[in-house]
Every structure is written in C-alpha cells, then in structure tokens.
Amino acid sequence: MLLTDTHTHIYYHNEQDTLAAQMERCFEHNIHRLFLPNVNSESIAAVMNTVAAYPQNCFPMLGLHPCDVKENYEAELAKIYAALQQHEVYAIGEIGLDLYWDKSTLAIQIDAFRQQVQWAKARNLPIDIHCREAFDELFVLLEELKDDKLFGVLHCFTGNLAQAQQAIDLGFALGIGGVVTYKKSGLDEVVKQIDLKHIVLETDAPYLTPVPFRGKPNESSYLHYIAQKIADIHEVSMEKIATITTENSKRIFGI
C-alpha cells in the first residue's frame, strides 16, 4: 500500500529531530510520497533542505501564499521566480485567495495569482490552490484563466457539492484532508458523491488535524486516518483508496 500526502508543511521541522521522527512514522503507515508547498520566499530553504534530506519521498512546490501577499508582494514574487530557475518543482503553490484574514488585499492577491498561474502554464505545471472564504472570487478568476494548461489541486477542499463539481469541471482535483473526519463539517456527504478519480489526499500538517487527534498539531503520518475515513464513506478498502489517490497524484504532479 502506498499513500501520498499531496500537501504538507512537514518542512517546518527541517532543523529538528522532529522531522526524522515524523518521516519514520509516515513510513510506518505506508506514506512514502509527500508534496511540500512553501508559503513565501523565507520558507524556500526549509522546503529544499527537506527535499534534499528525503529526495525519494519529498517533492517541492513553490509559490506565494495569499496570506503572504502584502505591499511587498512583487519583490516576494521576484524571489520565488528566481528560485524556480534554480530548482525542479512539481507544482506552483500554494497560491490562491484568502478573504478570512484580510479582505483589503484582494486586488493584489488576484494579481499575484494571475502571475503565478502564468508561471505554471509556461512550465506545464499544476497549481496548488488555497481558497478560504473566497470560492466565488476564485471561480470567476479560474473561468477567466481557463485553458488546456490550467489544472491542479484545490487544496483543503471544504466546499459544497456544486462547488466541488465546478472545480472538477475546471480541471481540478479536490484535496481532501482532516476536515472530512469532523462530524459537523458536512464534507463527508460531499465526498460520498464525488468519484474517487477526482480526489487526492492531504494533511496540511501541522494544521487541520483529523480525528482522533483534533486539537493537537497535525502530522503527515495521520494521513491514514483520512484515507480510512474516505474508504468508509465509499465503502471500499483503504488499499483501494491508497491506489486510486496515489495514481491521481502521479497524474497531476507527473511523478
């Protein structure tokens, strides 16, 4: 059985023994593929150091997180673009829109998103999208940018069925994480109606910890709880979930 965590910030621990311990727990639970999105220029080194330590298991993405789109965003984008010339990456991300923390930056979030989508298209790479309280704005943007080179993952999907279908129609897989294990989230009912070919697994560690560890820091080794929940929802084996979602990740990321 081979599980893939398509979105984890495990690199936060790159200078600590915690990284080795967490990676070992991943291997114990058959999680051998981890995709690492940075969030800003300062996090690039940690991502790349982690990839260097585990080159067979960890795969980098680069992008500017919408919450890090500030007044200096053009300078941040320039630094990340320069890093793209130096490193092989498998997606542009995480990028997107976030109106939960700061609605005043929407215009520059949109501009940063557009620029990074063009980077992805120029490299034939997927994008890894963060979207929080901004589905309407995001879908308008994606419809504008839609073509045969626009694809990727809608990370940490927590929307309704109509939004799920719209994302799929636009060429995106749904990244399903710990929220699907929360009783009142309603995400389980959405996932039940989505064909598994449109789903990838993720933890977003150290955030959004699944049951039974909700409220504590998340880690990638907990991905198996998410896989088991989706297996239960679809009434299939966890091995089938692992096979399908890992194949989906290979199709998207090209590795």
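Author: Two strands count as paired if DSSP finds at least two bridges between them. The strands themselves are DSSP runs (E, at least two residues), while helices are runs of H or I with at least four residues, and both are numbered from the N terminus. This is a predicted model, in which local features need pLDDT of at least 70 and side-chain atom pairs count only at pLDDT 80 or more, although totals for chains, interfaces and linings use all residues. Residues are numbered from 1 along each chain as its sequence is written, and side-chain values use heavy atoms, with hydrogens and water left out.

The part to look at is an open sheet of five strands, with parallel pairing and the order 4-5-6-7-8. Strand 4 and strand 8 (199-201) have a single partner strand each, so one side of each has no neighbour in the sheet. On average, neighbouring strands of this sheet are turned by 30° against each other, direction ignored. For such angles, axes are lines fitted to C-alpha atoms, for helices over the stretch in contact, and angles run from 0 to 180 degrees between N-to-C directions.

Strands of a sheet pair through backbone hydrogen bonds, either parallel or antiparallel. Inside this sheet, three bridges join strand 5 to strand 6 (residues 152-154) in the parallel sense. In one of these places Ile129 has Leu154 of strand 6 as its bridge partner. Helix 6 (residues 161-169) packs on the sheet and touches strand 6 and strand 7 (172-176); contact here means heavy atoms within 4.5 Å. The direction of helix 6 makes about 135° with that of strand 7.

Strand 4 (92-98) and strand 5 (127-132) each supply at least two residues of the lining, and strand 5 gives the largest share, three residues. A pocket is found on a 1 Å grid over the protein atoms alone, as an open set of points with protein on both sides within 12 Å along at least five of seven lines; a cavity, by contrast, is a set of points where a 1.4 Å probe fits but cannot get out, and lining residues have an atom within 4 Å of a point. The largest pocket holds about 530 Å³ of space, where grid points are joined across faces, edges and corners and a volume is the space filled by probe spheres set on the points. Its lining has 21 residues, and those nearest the centre are Asp98, His130, Arg132, Asp204 and Leu208. By type, the lining holds ten nonpolar, five polar and six charged residues. Here Ala, Val, Leu, Ile, Met, Phe, Trp, Tyr, Cys and Pro count as nonpolar, Asp, Glu, Lys and Arg as charged, and the others, Gly among them, as polar.

The structure has another open sheet, of three strands in the order 1-2-3, also with parallel pairing. Its edges are strand 1 (3-5) and strand 3 (58-61), each of which pairs on one side only. From one strand to the next, the twist averages 15°. Strand 2 (residues 31-37) and strand 3 share four bridges in the parallel sense, and Leu36 stands opposite Pro60 in strand 3. Helix 1 (residues 17-28) packs on this sheet, touching strand 2 and strand 3, whereas helix 8 (residues 223-234) touches strand 1 and strand 2.
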